[in-house]
Amino acid sequence: MNLAGLSLRDLEYVVAVCDEGHFGRAAERCNVSQPTLSVQVRKLEGTLGLVLFERSNRRVLLTPAGQVIVRQARAVLAEAQRLLALASEGRGAPLTGRLVLAAIQTLGPYLFPLVLRPLRDEYPLLSLALSEARTAEILDGLRDGRIDAALVSLPLPTSGLSVSPLFVEPFWLACPSDHALAQGGALRATDIAGPDLLLLDEGNCLRDQTVAACGAGNGAGRHATSLETLRSMVAAGAGYTLLPALAVPSGPDPSGLVALRGFDADGPGRTIALVWRSSDPRAAGLSHLAAFLRGQAPAGTVACREGEAP
């Protein structure tokens with residue numbers, strides 16, 4: 001066995017099969033036919049003298065040997081990408097190629113539609129792969145190389161990560177239109193601590209921020225898995241909740257069942273930041289991306305100052 005028998009492209013195929021759990025979807029991701037991908041994976045298995053995947057009609061599983069090989073393949077591909085990035089950085093080139101950009105689930109569906117067109121115009125040679133997950137899953141993905149950059153809510157553990165704050169997003173109160181909180185003067189966060197407060201499930205950073213802002217206990221209220229479910233629960237009269245500004249509709253609730261109220265000047269909110277691995281050689285390009293996104297801060301948010309400490 002020697003290096004002549006190994007191909008970076010074959011390693012990409014193996015990693016894609018591992019990620020997708022399916023040869024057909026892996027082939028689509030790699031822009032090759034399924035027979036071509038399958039033949040090359042078999043060839044690599046023959047070169048290594050190992051079976052990497054347990055194959056059946058329903059699923060594809062990594063063998064114990066495959067787990068070791070895929071882990072190292074990710075490291076090899078990351079270093080190959082680092083080589084290309086170093087060359088691009090040396091030429092002063094902007095971000096190009098594939099970039100896996102993740103966002104927390106309470107942000108992605110509302111922010112991505114607002115920034116994708118400007119992003120594509122600014123970075124015509126950048127191929128974005130978008131995903132959504134909870135903060136803990138995103139941090140794991142960043143650190144093992146499955147995610148290149150992410151849009152998250154601060155604070156978060158920053159060891160090994162570069163953090164660039166983008167904008168502050170205020171929270172709004174969503175309550176039933178016939179609720180006592182639907183009317184009144186300036187609203188304070190502490191006004192809404194109570195048994196009717198609806199929260200997201202544990203593991204969502206917005207849940208923790210809501211609890212902290214209102215001084216409510218973790219057991220307060222009922223729970224939901226998404227912002228849209230929370231909104232429906234409010235419309236059903238189950239209670240009230242906090243919604244990030246980007247998730248607040250621009251016009252009145254068409255059903256007339258939900259009232260929206262802003263808070264006073266010291267009202268609750270969250271700081272959204274772009275984060276990436278500090279070791280990523282595309283640091284200059286990612287810093288430029290952060291500055292660009294900061295300049296695209298959506299209406300209803302407040303852009304952070306460049307270089308502002310997280």
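**Close-up views of a predicted model**

**View 1. The lining of the largest cavity in this predicted model.** Ile104, Gln105, Thr106, Ala133, Arg134, Thr135, Gly203, Asn204, Cys205 and Leu206 line the largest cavity, and the structure as a whole is a predicted model. The volume of this cavity is about 40 Å³, and a search of the whole structure finds one cavity of 30 Å³ or more. Sorted by class, its lining is made up of four nonpolar, five polar and one charged residues. Cys205, one of the lining residues, has 16% relative accessibility and therefore counts as buried, the cut-off being under 20%.

**View 2. The largest pocket and the elements around it.** The volume of the largest pocket is about 1,200 Å³, and 34 residues line it, with Leu77, Arg98, Val100, Gly145 and Asp148 lying nearest its centre. Two or more lining residues come from each of helix 1 (8-20), helix 2 (23-30), helix 4 (64-90), strand 3 (97-104) and strand 4 (126-133). Among these contributors, helix 4 gives the largest share of the lining, namely nine residues. By class, the pocket is lined by 14 nonpolar, five polar and 15 charged residues.

**View 3. Strand 11 with its partners, strand 5 and strand 6.** Strand 11 (residues 269-277) is mostly covered, since seven of its nine residues are buried. Strand 5 (residues 149-153) runs antiparallel to strand 11 and is joined to it by five bridges, while strand 6 (residues 161-176), also antiparallel to strand 11, is joined to it by nine bridges. Trp276 of strand 11 is a residue to look for in this view, as it is the bridge partner of Ala149 and also the bridge partner of Ser162.

**View 4. Strand 9 beside strand 6.** Strand 6 also pairs with strand 9, the two running antiparallel and being joined by four bridges. Within this pairing, Trp172 stands opposite Leu243 of strand 9. Strand 9 (residues 241-244) is covered on both faces, with Thr241 and Leu243 buried on one side and Leu242 and Pro244 buried on the other.

**View 5. Helix 9, its length and its buried residues.** Helix 9 (residues 283-295) has 13 residues, which at 1.5 Å a residue should span 18 Å, and the distance of 18 Å between its end C-alpha atoms agrees with this expectation. The buried residues of this helix are Gly285, Leu286, Leu289, Ala290, Phe292, Leu293 and Arg294. As background to reading such a list, an α-helix has 3.6 residues a turn, so residues three or four places apart point the same way.

**View 6. Ala16 and Cys18, with Glu28 and Cys30 for reference.** Ala16 lies in helix 1 and, at 0% relative accessibility, counts as buried. Between Ala16 and Glu28 the separation is twelve residues in sequence, and their C-alpha atoms are 9.6 Å apart in space. Cys18, by contrast, has 25% relative accessibility and so counts as partly exposed. The closest cysteine sulfur to that of Cys18 belongs to Cys30 and is 12 Å away, which is too far for a bond because a disulfide needs the two sulfur atoms within 2.5 Å. By this rule, the count of disulfides comes to zero.

Methods: Residues are numbered from 1 along each chain as its sequence is written. This is a predicted model: local features need pLDDT of at least 70, side-chain atom pairs count only at pLDDT 80 or more; totals for chains, interfaces and linings use all residues. Side-chain values use heavy atoms; hydrogens and water are left out. Buried means under 20% relative accessible area, exposed over 50%, partly exposed in between (1.4 Å probe, protein chains only). Two strands pair if DSSP finds at least two bridges between them. The expected span of a helix is 1.5 Å times one less than its number of residues. On a 1 Å grid over the protein atoms alone, a cavity is a set of points where a 1.4 Å probe fits but cannot get out, and a pocket is an open set with protein on both sides within 12 Å along at least five of seven lines; lining residues have an atom within 4 Å of a point. Grid points are joined across faces, edges and corners, and a volume is the space filled by probe spheres set on the points. Ala, Val, Leu, Ile, Met, Phe, Trp, Tyr, Cys and Pro count as nonpolar, Asp, Glu, Lys and Arg as charged, and the others, Gly among them, as polar.
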